[in-house]
Amino acid sequence: MKVERNFFSAKAIGYLIITVSALIMVMPFVTALFNSLKTYAEFTAVPPRWIPELFQWSNYAEVFKLGNFLDYTANSFLVTFLSVLGALLSCSMVGFAFARLKFPLKNILFVMVLGTMMIPPVVIIIPHFMIFKQMNLLDTLTPLWLLECLAQPFGIFLMRQAFMSIPKEYEESAKLDGCNPFQTYWRIFMPMVRPSLATVAIFTFMTKWNEILAPSIYLTSNEKFTLPIGILSLSGQWFGNEQYMVAAALMSLIPILIVFLFAERYFVSNFTNSGIK
Amino acid sequence: MKQHKSFSILLSIILVMVIFIAGCSSNSSTTDNESSNENDTSNSEEEQVTINLGFYSGGESDEKMQELIDGFMEKHPEIKVTTQSAPYGQFFQKLDTQIAAGEAPDIWLSDGVLVMKYAERGAVKDLTEWVNRDLNKEEYYGLEFNEDTNGKYWGVPQGIQIGALYYNKDLFDQAGVDYPNEDWTWEDLKEVAAKLTIDASDKKPGDEGFNSDNIKQFGLTFFSITEGWFPVLKSYGGGILNDSLNKSIINSDENKQALEWMVDGMSRGIITDPADLKSFQSSMAVFPSGSAAMRIGIYARVLAANEAGLNYDVTVLPKGPDGERFSPVIANSWVINDSTSDKKAKAAWEWIKYWATEDEVQKEWAALGEAVPVKKSVANSEVFLNASDKPENREAFLESFDFAGTLDTNAVWSEWVAKFNEHAQRAFLKESTIDEALENADKDIQEIVDEFYKE
């Protein structure tokens, strides 16, 4: 009896902690939501009023008047979709090669790939810019997703780890059944590394969806802007339009939430199905 | 087998898409390039010339900019203007990349404080000859702010920001003190500011139990170079750089006196210190929110104050102890790419002339209320003076031109401002003495300046 009660109270405390921390995590979002519904006067008021007196739903409509918000969203979608697709294919192929194939200088090459992660992104801006200029791709969306199709080191690393954890027996039996290495990769191994693929997909999605530096450097005409750049250009040099920016930022979060909810089960599921039966 | 098939279908779809998208985009930009190359090489006068114009975008102003560009092309059918824009923060980052890659626009809008950075690095064209030929200098505000120490002009202002003293009438009325006037010195300002300062338990400085660490209403809000320390230093007779802008004059008695005024005000809770500012959404929000009775502000701050529905007005900035006055200026300017062809540069100059000389253009832009118009006739007309109900005393901005100056802008302005802020902040927060701050700032800034100019 006593044990049970202790157990119960421990559980209660646990729930309490979880509830409190969940509330703390949610607060910024709620605050942002309320901020997006304020007038400028209320937005800057001190002491801050948490809940606006009159909800300015028109702020959301205003966002669409201030910029080509639909264009920005479409551009972001295109860039993000192609990037995710490219990253999944390229990283898994390269990762598979590093994990499973035998070729000369494999380890040195892999260390080199990892080494490129150390190069700060700012250093390669100008070289990249020159390359894309030579290719006549400035002010197009191509540079934004093309690089992701060329296997980025972090994704390679992640996929290599995933492929390495699959027992060798699978490879051997696939070979017995007449699979060539590509068929082994695509038909046997790919379905087994879904959680890692989902991780790569979500990471790529989030980076690309929120990316600021590259689009602001490659894109010059307003109708080609992606969402983050579009949102930033709502504010001028002198005056922030802060409440509109918050509204726009919140709207841009919706796709991320959808993707996360959709991909969550891949996060939760793990390698339980990869054992030898 | 089935899976294999679906994979190849997927692959071919992707391939087609990649080719299609890459093809589309590269096609369009190649044609663009070809047409502009043609323009470069052809000598015929009637041939259209295309110039690329870069500006930082900002919500509503973009639309107006496009309207004005359309008007320009109508007037000059021989010139085609393509535009490129980016949010303010990203625009200059991108510009540096573009300049390095030889891809910068033919003409761009430069923040006033950055004109000398481009000028002294050879990125923009010397416009002296054209300014002398085409612009009657008497008619404009602020041409001199883009003049370097050798008398060369590097840009033509697009709109001017000039500092004034903003005050919240309601807060003055509540405290029962007179509004600021043109005779004020900084000492007068502080005296009145003390009466306008209220702590969390409604006590004023001088009351027993006044808590200078927990203020709910400040007398003066104060931050950054332009809207903070620079005008005070200058009107006390101090400053940062000498007239030729290559030697630090920081470690002076005048600067010390000015900093003492600031630090004293901050420690008494009358002026916002850097720590106070952190508790606001943004340091700009202190005045619009009614948490400070006064601020030093450039013209554009009218936008936020009006948006917040404040009952306020402006007057000229106070005098220093010797009666000297100083109002800080930022003249955002059009500059022309130095590496662009002569023909394009000429077309770009047409745009600048159109912008500066046409009353209609000046009026249209003034209507946005972002900046003081460059052309005196427009600035002194109803268009500017009655652009909004508040502030009533808009003349104060124009009067301030009599004692206006730039922020000692030179090629390494951004670098030395960051350094000075760092040392000043330490003094403001009492982490170092004023003497130490000035001494260290002097040394560090001289180093920064030397590194650029000694080569």
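Guide: A salt bridge is a side-chain nitrogen of Lys or Arg within 4 Å of a carboxyl oxygen of Asp or Glu. This is a predicted model, where local features need pLDDT of at least 70, side-chain atom pairs count only at pLDDT 80 or more, and totals for chains, interfaces and linings use all residues. Residues are numbered from 1 along each chain as its sequence is written, chains are lettered from A in the order in which they are written, and side-chain values use heavy atoms, with hydrogens and water left out.

Visitor: Why is the pair Lys133(A) and Glu103(B) called a salt bridge?

Guide: Their side chains come to 3.8 Å, N to O, and the limit is 4 Å, so the pair qualifies. The count between chain B and chain A is 1.

Visitor: Which elements of chain B supply at least two residues each to the side that touches chain A?

Guide: Among them are strand E1 (49-57) and helix H2 (60-75); helices (H or I, at least four residues) and strands (E, at least two) are DSSP runs, numbered from the N terminus. H1(B) gives the most, with 14 residues.

Visitor: What makes residues of the two chains count as in contact?

Guide: Heavy atoms within 4.5 Å. By that rule, 53 residues of chain B are in contact with 49 residues of chain A.

Visitor: How do you know what area is buried between chain B and chain A?

Guide: Buried area is the accessible area (1.4 Å probe) that two parts lose on being put together, summed over both. Here that gives about 4,200 Å², with carbon and sulfur atoms giving 66%.
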